[in-house]
Structure formats: structure tokens, C-alpha cells
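How do the two chains of this model meet, and how are the copies related?

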Protein chains: 2
Amino acid sequence: MKNSQLYKGSLNTIIMKLLEENGRMYGYEITQKVKLITAGELNITEGALYPALHKLEAEGLLDVEVEKVDNRLRKYYKLTESGQKETVNRLAELEEFIRNMQNLVTPKQNPDLQF
Amino acid sequence: MKNSQLYKGSLNTIIMKLLEENGRMYGYEITQKVKLITAGELNITEGALYPALHKLEAEGLLDVEVEKVDNRLRKYYKLTESGQKETVNRLAELEEFIRNMQNLVTPKQNPDLQF
DNA sequence: AATGTATACATAATTTTCTTATGCATATAC
DNA sequence: GTATATGCATAAGAAAATTATGTATACATT
């Protein structure tokens, strides 16, 4: 993961969301998809991605299938059942997080809150 | 900082934004304000906050004024001129970050992007 | 009198997460 | 033959946080 350090801590959530959406993906594919979605803003580094994938797998949230395509190895990851449940929680947390950060940047003009 | 690990990396930006908005604040006040704004969701821990304030000060982004109020010590922090400039950049980064994360959670139905 | 909660600062040890650097290997374009 | 793209991996180090303490004042409760 690179750039503004704000992305720290969001890699796992990003991976899980993409897998939920796309069924299965391999590491390199994830980096390219993220680059595309963020218009080149976020480049996931391999040093961050692969350890993260291995950890999610070790936690039982992801399953792997190895395939050889064009004489090159690919490791396809997909969410386990447990991973799908956890993804729901992570996405809820992410939305809460985004809401909170927006409230910090653009303080509500809510008369109920005195600040 | 606590909770969903998504907040990792956002503490400096939060501090600077609050100081930009409120002129000057002391550490404990920052923790309470954040708790209020996020409806108790985000609790900044002292072990994260104080080192962060000291570092921002060391980088010349914050100035300190020590005051004794009600026989208790307070260290008021405010943005330096350099800190104000930097805050503009950090907030731009934060908004970009939020946009990107939203695009990940809620993929755009933009026909220009093929994914 | 003792205990708990709130206010207010601080640091040290450890953990988590990421960056940076490196390594291996295949395929294609220049 | 050199560079770029594809595809995986790990190791050393840095950065940022958590967790656990420590000090001190003030006020409320038991």
C-alpha cells in the first residue's frame, strides 16, 4: 500500500470487498483493479499484499486455488463462508469509518450536537 | 486510537483538522471532542495521542503553550503557519482517500470505467 | 477514611502494518 | 539484450498504534 498513509489498516477490507464482488481473484489482479478504481492513486505493493493474503487465509477467511495460466502461476483467492460473514462486518465498519471521517472534515450543522 | 483499525494513519490528520477549526486545544480536549463527533465510536488513546502531538510539534507543525487551569496542567496546541499550509494538503488527501474508499465500497456505475 | 471517576500529562514494551529492497521466473516488445 | 509486464514470495526496517503503567489533582460516593 502506498501514498498518504491514510490507507494504513484498510488493505484487508479492500481485499475482502473485491473478493465479495468478483468471486475470485489473484494477487496481481487485485493490485491492478485497485489501481483502476482509484485512478492510479492507490498502488498496493507486493510486500503488503502477499503477507495480507496469507494472513487472511491462515485466519480461515480466504481459500486458495492454484492454477497455471499461460505457463504462469496464479493463486486465486476467494472468501470462505466465514470470510463472507466477516466481510459484512468489515464493510459496516468501513462505512461507519467514512461517516466519522466526513463528520470530522465537514462538521455537522446539527443543532443537537454542541461543538 | 481504537476500534476498527481503519483509523490507523488518520490520527495526525484528525488532530490538525480539529486545531484548524478550533484555534487551539489541549490533548484531553481532543480526545473528548473526537468521542463526541464520532458518537463514542472512536476513542483516541493517550499512548497514541501524546506521542503524535510531540512529533507534530517536533516537525514544526504545532506550537505549544502551557497553562495551569484549576490547578491542573494543560498544554494547548495550535497550528504554526507551516502547519496551516500542511493541513490544507492533508485534508485534500483525506477527501481523496474517502472518495477512493467509497468507490471501492460502492463501485461507480460509470460507463467510462470498465470494471 | 477509602474508593472510584474524571481530568491531565507522559512513556515503555510490544504488536501490527506497511515500505523498501530483493529474489525467482515467464512472456512480449523494442 | 534490455526493458516492461505478469506473477509469486520474503526479509529488514520503519511507522503507528495498543496495552500497560506511572504521576497528580479534584470531586463524589460509600
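This is a predicted model. The contact draws 33 residues from chain B and 33 residues from chain A. Together, chain B and chain A bury about 3,500 Å², with 71% of that area on carbon and sulfur atoms. Three residues stand out on the chain B side. B:L6, B:F97 and B:L104 supply 20% of the area that chain B buries against chain A, more than any other three residues.

Polar links across the contact can be counted too. Between chain B and chain A there are zero salt bridges. Four residue pairs are in polar contact between chain B and chain A, both residues of each pair being at pLDDT 80 or more.

Which elements build the side of chain B that touches chain A? Those giving two or more residues are helix 1 (11–22), helix 2 (27–37) and helix 4 (81–105) of chain B. Helix 4 of chain B gives the most, with 12 residues. The table sorts that side of chain B by residue class.

| Class, side of chain B that touches chain A | Count |
|---|---|
| Nonpolar | 14 residues |
| Polar | 11 residues |

Next, the symmetry. Chain B is superposed on chain A by a rotation of 180° with 0.0 Å of shift along its axis, at an RMSD of 0.1 Å. The two copies are therefore related as by a two-fold rotation axis. Which C-alpha of chain B is nearest the axis? That of B:K8, which is 2.9 Å from the axis. Both copies use the same surface: 100% of the contact residues of chain B recur in chain A.

Salt bridges do occur in the model. Over all chains, a search of the whole structure finds 16, although the count between chain B and chain A is zero. One salt bridge joins the side chains of A:K17 and A:E20, at 3.5 Å from N to O. Both A:K17 and A:E20 lie in helix 1 (residues 11–22) of chain A. They sit three residues apart, about one turn of the helix.

One record annotation covers part of chain A. An unreviewed UniProt entry places the feature "domain: Transcription regulator PadR N-terminal" at residues 15–86 of chain A. Over residues 15–86, chain A is 53% helix and 26% strand. The end C-alpha atoms of this stretch are 12 Å apart.

Conventions. Residues numbered from 1 in each chain as written. Chains lettered and ligands numbered in written order. Predicted model: local features only at pLDDT ≥ 70, side-chain atom pairs only at ≥ 80, totals over all residues. Heavy atoms only, no water. Contact = heavy atoms within 4.5 Å. Buried area = accessible area lost by both parts, 1.4 Å probe. Salt bridge = Lys/Arg side-chain N within 4 Å of Asp/Glu carboxyl O. Polar contact = N/O pair within 3.5 Å; in protein donor to acceptor, adjacent residues only side chain to side chain. Helix = DSSP H or I, 4+ residues; strand = E, 2+ residues; numbered from the N terminus. Nonpolar A, V, L, I, M, F, W, Y, C, P; charged D, E, K, R; others polar. UniProt positions renumbered as here; feature names shortened; annotations may be inferred. Least-squares fit on C-alpha atoms with pLDDT ≥ 70 in both.
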